[in-house]
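Good morning, colleagues. Please bring the sequence and the structure up on the screen, and I shall begin with the charged side chains.

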Number of protein chains: 2
Amino acid sequence: LNAATRFSAILEGRRSISAYPEHKVRRVAQITTEVTGAIERIDAVKTGFAMADFGAWGPVIEREEERSELKYPLSYAQKGEVGAIFSPIRDGDVYPELAPIPDDPRILSNHIKSLGYFLKADAVGICELPQWAVYARDVERDPIVCDHKYAIVIISQWGYETTKASTGDDWISDSESWLSYNESAHIACTMASYIRRLGYPARGHLQTGNEHVPGYDVILTPLLVLAGLGELSRPGWALHPYLGGRFKASVVTTDLPLLPDKPIDFGLQAFCRTCKRCARHCPSRSISDADHKIDDYGYGGYRSYEFDWERCTKYRLMNQNGAYCGVCVKVCPWNKPKAWWHDIVRRSVRSAPRLDPLWVKLDEWLGYGKAHPELKWWFDLEEVDGHMRIPPRSPDNAFWQTEGTPTDEWKKLRADTTTEPRMRS
Amino acid sequence: LNAATRFSAILEGRRSISAYPEHKVRRVAQITTEVTGAIERIDAVKTGFAMADFGAWGPVIEREEERSELKYPLSYAQKGEVGAIFSPIRDGDVYPELAPIPDDPRILSNHIKSLGYFLKADAVGICELPQWAVYARDVERDPIVCDHKYAIVIISQWGYETTKASTGDDWISDSESWLSYNESAHIACTMASYIRRLGYPARGHLQTGNEHVPGYDVILTPLLVLAGLGELSRPGWALHPYLGGRFKASVVTTDLPLLPDKPIDFGLQAFCRTCKRCARHCPSRSISDADHKIDDYGYGGYRSYEFDWERCTKYRLMNQNGAYCGVCVKVCPWNKPKAWWHDIVRRSVRSAPRLDPLWVKLDEWLGYGKAHPELKWWFDLEEVDGHMRIPPRSPDNAFWQTEGTPTDEWKKLRADTTTEPRMRS
């Protein structure tokens with residue numbers, strides 16, 4: 001095998017350079033989400049956490065939004081301290097001349113993706129950057145300008161072990177997200193700095209955990225879908241064929257000449273129509289189990305499932321028995337680690353959607369989606385007014401059950417959360 | 001399996017929480033490196049790169065030390081931009097009261113190690129912090145005070161694929177180290193911040209890439225050995241039983257009550273006596289192939305192999321055909337990824353050292369240690385006086401051969417490097 005042969009195999013989709021066999025995923029000309037009209041640019045201030053932070057939903061939620069950084073000691077380390085260091089280096093000076101490197105976009109795309117995998121990204125995809133995926137104005141209502149041609153999308157997963165241990169909305173939930181935010185921010189900042197050093201403009205887009213510190217200029221979900229890293233799922237996030245939603249992503253926008261990836265179709269649209277497990281388990285009942293409707297939130301003309309993002313945001317902020325919430329990711333059958341037996345199911349979902357209900361049943365019957373308290377390694381802790389305490393209703397995780405056999409404790413929590421988000425007393 | 005049973009299994013060494021079966025490595029009461037006398041504290045200014053930076057070896061080496069940050073565009077991103085952001089958060093305010101968590105050091109050690117693995121460390125070990133492993137004075141000759149009781153040592157590997165592709169002293173060499181420096185710095189800073197939030201002092205120790213920016217207060221190699229993460233190898237670095245030297249490490253020192261790990265003995269002392277591959281391949285001939293002597297460098301009374309650290313440092317700085325050097329790590333038979341067939345060899349090395357020469361021969365015969373140019377994904381680039389150029393003697397990597405069949409190109413490079421470090425013309 002020489003370098004040229006290997007490169008052809010990658011280009012022709014006979015070989016993957018990631019840890020996952022992404023070259024086996026079906027590529028399509030159009031994204032599997034129907035776009036029914038013009039997509040308008042939205043303001044960053046119209047996103048859930050910004051709304052909460054700016055007091056649009058009242059002082060209690062505003063206070064909880066501000067407290068969310070301090071609430072759990074590990075989240076504090078991740079978002080309060082480490083999360084803050086990446087923003088200042090997300091953009092910078094461009095080297096004054098172009099480096100003597102090839103200008104073939106195929107070679108440069110392979111190079112940049114290989115760099116991403118070298119830096120331990122779990123998946124890297126490339127798309128053109130549509131202007132509708134750039135926020136119109138920042139939280140100070142100043143216009144955002146980001147007219148780079150391409151977006152490099154970088155996925156970092158969090159480990160399956162802790163996802164398996166967790167209920168999805170206990171004290172570790174927020175820290176899982178932040179592990180991946182910070183890891184993908186590290187990769188994006190390194191990559192952007194490197195590209196600038198080659199003489200091309202490049203900017204990192206990452207989560208800062210603070211509405212007032214610049215992070216993302218771009219909207220992540222459509223870029224993930226356009227870059228062939230996922231399809232739009234029922235709860236509205238991009239679902240990766242080998243990770244489900246068990247990841248966060250950062251982006252590098254740049255003018256380095258690149259070859260965009262094609263979107264993918266691994267059968268998710270039919271699967272989400274059938275499965276509905278996220279809808280049934282959502283503690284705040286934000287996810288609809290009904291069929292497709294037109295969603296008029298921000299993303300304009302996407303044909304997506306109805307999703308109550310206000311309710312979702314409020315639950316995540318007001319969760320008094322944990323830090324944030326990711327139950328939809330936790331219970332999703334797609335979040336599993338690599339295994340050949342899961343590949344059999346993937347093949348079936350792609351080519352025989354009529355078997356989907358069978359796989360969903362089997363998945364439940366095998367106990368996937370349950371919490372595993374025996375794997376729990378973290379402490380339940382909560383910071384309240386300058387004191388660290390054991391949360392009064394610290395869930396022991398034993399209440400977690402599949403919907404078939406709810407314990408009394410679980411029923412009680414569900415009852416609490418399906419009316420209004422629980423307020424702190 | 002419940003939580004208590006699982007915890008007992010971990011404590012009793014019947015189960016590993018890392019990705020490697022570390023519970024199967026033999027634990028011993030004493031480190032396998034003989035300590036023949038009192039170990040004196042050394043000054044940070046007496047380390048190789050500080051000597052170079054302070055001009056102890058003349059203006060050419062001083063200039064190359066300063067240029068090393070700018071030399072290769074990816075290294076620049078990693079150490080010039082990203083590497084600089086961790087130092088300011090390596091220490092900080094301690095939460096004013098202790099968190100309501102158990103004070104059992106066994107539970108806390110398991111918790112902290114689990115946190116390390118959650119944050120994607122490849123190995124985590126704990127030891128008491130001996131004061132001789134703390135630098136006496138920093139580069140400004142001010143005394144360093146670090147009297148925490150424990151050191152948590154965190155290993156991040158770099159990928160095998162690029163190690164396999166590389167010669168070990170080409171343009172990607174420095175970037176491999178920096179991937180692991182930055183990743184382990186991210187983990188150490190997150191962990192230290194979390195521990196401070198629990199009410200205990202904690203400080204991260206990490207590579208900053210700048211002699212004038214505080215990074216490590218502690219000397220890494222002895223801590224890796226004491227924490228049971230490796231044995232001292234022929235070239236003087238700690239060798240991990242499942243990663244060889246294909247990693248970098250960061251440290252968290254703290255007063256959180258912890259249970260130290262025991263040192264390990266996987267048969268390396270006999271193996272290094274036999275193998276000598278690093279010594280034969282070292283382009284600067286810094287590594288001795290002779291038997292043990294007493295080394296009087298810094299680490300005082302360690303019984304280690306003779307090692308010309310000045311020569312090593314100079315070669316790494318003066319390397320005109322690459323960025324730094326890690327040939328000893330590249331050719332080491334211990335750097336391989338996980339596989340059951342390598343486990344067979346590990347078992348043999350541990351229990352039947354007389355077979356070591358056989359394994360070394362087999363390893364060479366199978367072609368391990370060679371470069372694989374077909375896997376090369378990076379560009380050879382060099383920044384010289386404000387211009388980015390293709391290095392004039394850009395190695396095509398084809399020269400890399402096992403010592404048995406040196407090409408003319410390889411012989412020439414060896415000839416260059418075995419007299420004096422090559423100077424830029």
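In this predicted model, A:Asp343 is partly exposed, with a relative accessible area of 24%. Its partner is A:Arg346, and the two side chains meet in a salt bridge, at 2.6 Å from N to O. Is A:Arg346 buried or exposed? At 14% relative accessibility, A:Arg346 counts as buried, because the limit for that class is under 20%.

Side chains of opposite charge can pair when their charged atoms come close.

I turn next to chain B. B:Arg67 forms a salt bridge with B:Glu382, and the closest N and O atoms are 3.0 Å apart. Where do these partners lie in chain B? B:Arg67 is in helix α3, residues 59-67, whereas B:Glu382 is in strand β9, residues 382-384. The pair therefore ties together parts that are 315 residues apart in sequence. Both B:Arg67 and B:Glu382 are buried.

Over all chains, a search of the whole structure finds 52 salt bridges.

A:Asp104 forms a salt bridge with A:Arg106, with 3.2 Å between the closest N and O atoms. A:Arg106 is partly exposed, at a relative accessible area of 39%.

A:Arg106 also takes part in the contact between helices α1 and α5 of chain A. Helix α1 covers residues 3-11 and helix α5 residues 105-118; they pack at an angle of about 90°, with their axes 11 Å apart. The two helices are therefore roughly perpendicular. On the α1 side the contact is made by A:Phe7, A:Ile10 and A:Leu11, and on the α5 side by A:Arg106, A:Ile107 and A:Asn110. By class, this contact has four nonpolar residues, one polar and one charged.

Finally, how is chain A related to chain B? A rotation of 180°, with 0.0 Å of shift along its axis, superposes chain A on chain B with an RMSD of 0.0 Å. This is the relation of a two-fold axis. In chain A, the C-alpha nearest the axis belongs to A:Ile85, at 3.0 Å from it. The same surface serves both copies, as 100% of the contact residues of chain A recur in chain B.

Methods
Residues numbered from 1 in each chain as written. Chains lettered and ligands numbered in written order. Predicted model: local features only at pLDDT ≥ 70, side-chain atom pairs only at ≥ 80, totals over all residues. Heavy atoms only, no water. Axes fitted to C-alpha atoms, helices over the stretch in contact; angles between N-to-C directions. Helix = DSSP H or I, 4+ residues; strand = E, 2+ residues; numbered from the N terminus. Parallel < 35°, antiparallel > 145°, perpendicular 65-115°, else oblique. Contact = heavy atoms within 4.5 Å. Nonpolar A, V, L, I, M, F, W, Y, C, P; charged D, E, K, R; others polar. Least-squares fit on C-alpha atoms with pLDDT ≥ 70 in both. Salt bridge = Lys/Arg side-chain N within 4 Å of Asp/Glu carboxyl O. Buried < 20%, exposed > 50% of the residue type's maximum accessible area, 1.4 Å probe, protein only.
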